[in-house]
Amino acid sequence: MSSTAPAGALSTLTEEQRTAAATRDHNLFIEAGPGSGKTTTSAHRFGVQRFDPAHREDPRAVAAVSFTRAATRNLRRRVQRLWGIGAVTWPHRIVTLDSIMHDVLHDTLLAGLLVWPNQQRLWPDGDIRLDVKDSWTSFGSKQFNRTAYRLTVVGKDVRIETGFVAERRSAVPITEILPRLREGICTHEDVREVLAQALAVPEIDAFVTSRLATTTRALVVDEVFDANDLDIAVIEAAIRGGVAVTMVGDPWQALYVFRGAKPHVVPDLIARSGAVTASLSTSFRWDTAEQGRLATDLRAGAGITLPVDDAATDLKDLDVVLGLWWKPLWDLGEGVLPLAFHGFKGGYEEAAATLLLNHVTRTIFDLDATYLNDALTVLAIQDRDVPRLLEPALQAVAETLRAGDKDSVIAAYRQLVEVIATVSPRLLRAPHYRHTDRLALIQSRLRYSGRPLPGLTTHQAKGGEWDAVGVQLSGSEREALASGLSITEDTHRKLYVACTRARRRTAEVRAFDAHV
Ligand SMILES: Nc1ncnc2c1ncn2[C@@H]1O[C@H](COP(=O)(O)OP(=O)(O)OP(=O)(O)O)[C@@H](O)[C@H]1O
């Protein structure tokens, strides 16, 4: 294994970026606004620490974590481009924080500090292998029901508690879940639940701290303002263990409050860690004075009004349209093709339509539909190559839609049902407007005379940049921009992220009838 870093990897950085990437300060906080090179600098810092000659013989890992797979992939790609493929060979790695949590829980079970339900029978030779899934939907469809379960830590035992919630809601019934839990299968959510309780036990907390210290010498935490309580507890355990922790983020771009992110407590974490702050003051994103001014004004809380583009006529000047929600993006008309119908709910018909949407977005934009993986999981399709293998069959469905009128939607739906039956055990229901409506949405985009623009929500756009960005706004979002954004408001931060993705120009996009 080579320990030599590519020469001159830092030469393209500004003085500020270079200092942040190469400083010998043990704990570091890299603070910066949009486009100032946070990801670029994180990728450099990862390599500097990975190839540090002082640690040539050190067996411990340099790790970088982010909160989403997309952000992790982006950082890994940049590190490999800068430092070569060998930069992330074992034990060094760039993974989601969920993956670190899984490792930590696994080690805690292996050390005998926690005992999984049915552990003796499951892994009699002590070779513990939890099988952690994204969700339960690959094992059964969501149904309206009241059954619920929770994993609790009682002494050393992980126990399964069952019961009922007050209101029926769409969820996989626990009759599908309980046998799997006893087979050592669980979800990332379960891992988090167990770990959060386990870390309250001083002996386990001490074990996790020392485990992190003995396996990891440096940790880069990307987008630290998206951390929730458990994330913060694990980062803090690493700091206590003496791991060199670099925290990178912009408090204005914290978007994951719905997943429990606590952007307001991160400054305390940084203060407690004794991290030195490195600020990156120059943004490389803005190619026009207008876009630079917009970003500065938004951050200063000044009111702004975006120029308005007509969704019927002006889209050709844009590269992408962003919105806070999926549905209003579809409402902009056939010139915008969003990468998802709505937040993924887990139905079979929805998953089938998502596979078709993915075929269309791949063909037109070379981009995956946002919930492709969820769709494959729900349809119990293990082979991730299936979307590629289905291309000719899905193209035939798309042709039926493109060539036909409204009535062809039902024919296309039946055709799609047959295609899915070749790769999935799930049975799709007969045509119903709730299922065929999604195909009608795709049909209008296929029949559009021009090339539609991709529509993304702010969450998908985070970390991305384009020349010209259209933003879809509701009345209250427009008013929020006009009266000035506040960093403490979740919606305002989403608007801030949407309006700071463009290099050259940001415009509001409205459907034609919204003008009158
Ligand atoms: N020193 C530099 N010289 C030239 N271009 C740079 C430099 N640093 C970063 N860039 C470019 O600036 C753009 C933004 O960089 P990057 O994505 O790292 O910023 P960021 O702070 O992570 O952005 P955001 O917070 O908005 O996601 C990229 O196109 C990157 O290549």
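Angles between axes under 35 degrees are taken here as roughly parallel, over 145 as roughly antiparallel, 65 to 115 as roughly perpendicular and the rest as oblique. The structure is a predicted model, in which local features need pLDDT of at least 70 and side-chain atom pairs count only at pLDDT 80 or more, while totals for chains, interfaces and linings use all residues. Residues are numbered from 1 along each chain as its sequence is written.

The protein chain contains 21 helices and 16 strands (DSSP runs numbered from the N terminus, with helices being H or I of at least four residues and strands E of at least two). Its radius of gyration is 24 Å, close to the 24 Å that the globule rule gives for 516 residues, so the chain is as compact as a globular protein of that length (the radius is taken over C-alpha atoms, and the rule is 2.2 Å times the number of residues to the power 0.38). Along the principal axes, the C-alpha atoms fill a box of roughly 65 × 60 × 45 Å. Among contacts between residues at least 6 apart in sequence, 79% join residues at least 24 apart, a contact being two C-beta atoms, placed from the backbone, within 7 Å.

Helix H18 (residues 433-446) packs against two other helices. The axes of H16 (residues 391-403) and H18 come within 8 Å and cross at roughly 70° (axes are lines fitted to C-alpha atoms, for helices over the stretch in contact, and angles run from 0 to 180 degrees between N-to-C directions). H16 and H18 are therefore roughly perpendicular to each other. Ala398, Leu401 and Arg402 of H16 meet Leu439, Ile442, Gln443 and Leu446 of H18. This contact has 5 nonpolar, 1 polar and 1 charged residues (Ala, Val, Leu, Ile, Met, Phe, Trp, Tyr, Cys and Pro are nonpolar, Asp, Glu, Lys and Arg charged, and the others, Gly among them, polar). The axes of H13 (residues 348-365) and H18 come within 9 Å and cross at roughly 10°, which makes H13 roughly parallel to H18. Glu349, Ala353, Leu356, Leu357 and Val360 of H13 contact His435, Arg438, Leu439, Ile442 and Leu446 of H18.

In helix H21 (residues 490-499), 7 of the 10 residues are buried, so this helix is largely enclosed by the rest of the structure. The buried residues of H21 pack against elements including helix H11 (289-299), strand E15 (466-471) and strand E16 (502-510).

The ligand is surrounded by 17 residues, the closest being Pro34, Gly37, Lys38, Thr40 and Phe284 (a residue is near a molecule if its C-beta atom, placed from the backbone, lies within 6 Å of it). Helix H2 (residues 38-50) gives the most to this shell, with 3 residues. The shell divides into 4 nonpolar, 10 polar and 3 charged residues.

Some backbone features were also noted. The peptide bond from Trp90 to Pro91 is cis, with omega near 5°, and Pro91 is in the loop between helix H3 (69-83) and strand E3 (93-96). Glu223, although not a glycine, has a positive phi of about 50° and is buried, with 27 other C-beta atoms within 10 Å. Asp366, also not a glycine, has a positive phi of about 60° but is exposed, with 7 such atoms within 10 Å.

Conventions
A residue is buried if 20 or more other C-beta atoms lie within 10 Å of its own, exposed if 12 or fewer, and partly exposed in between; C-beta atoms are placed from the backbone.
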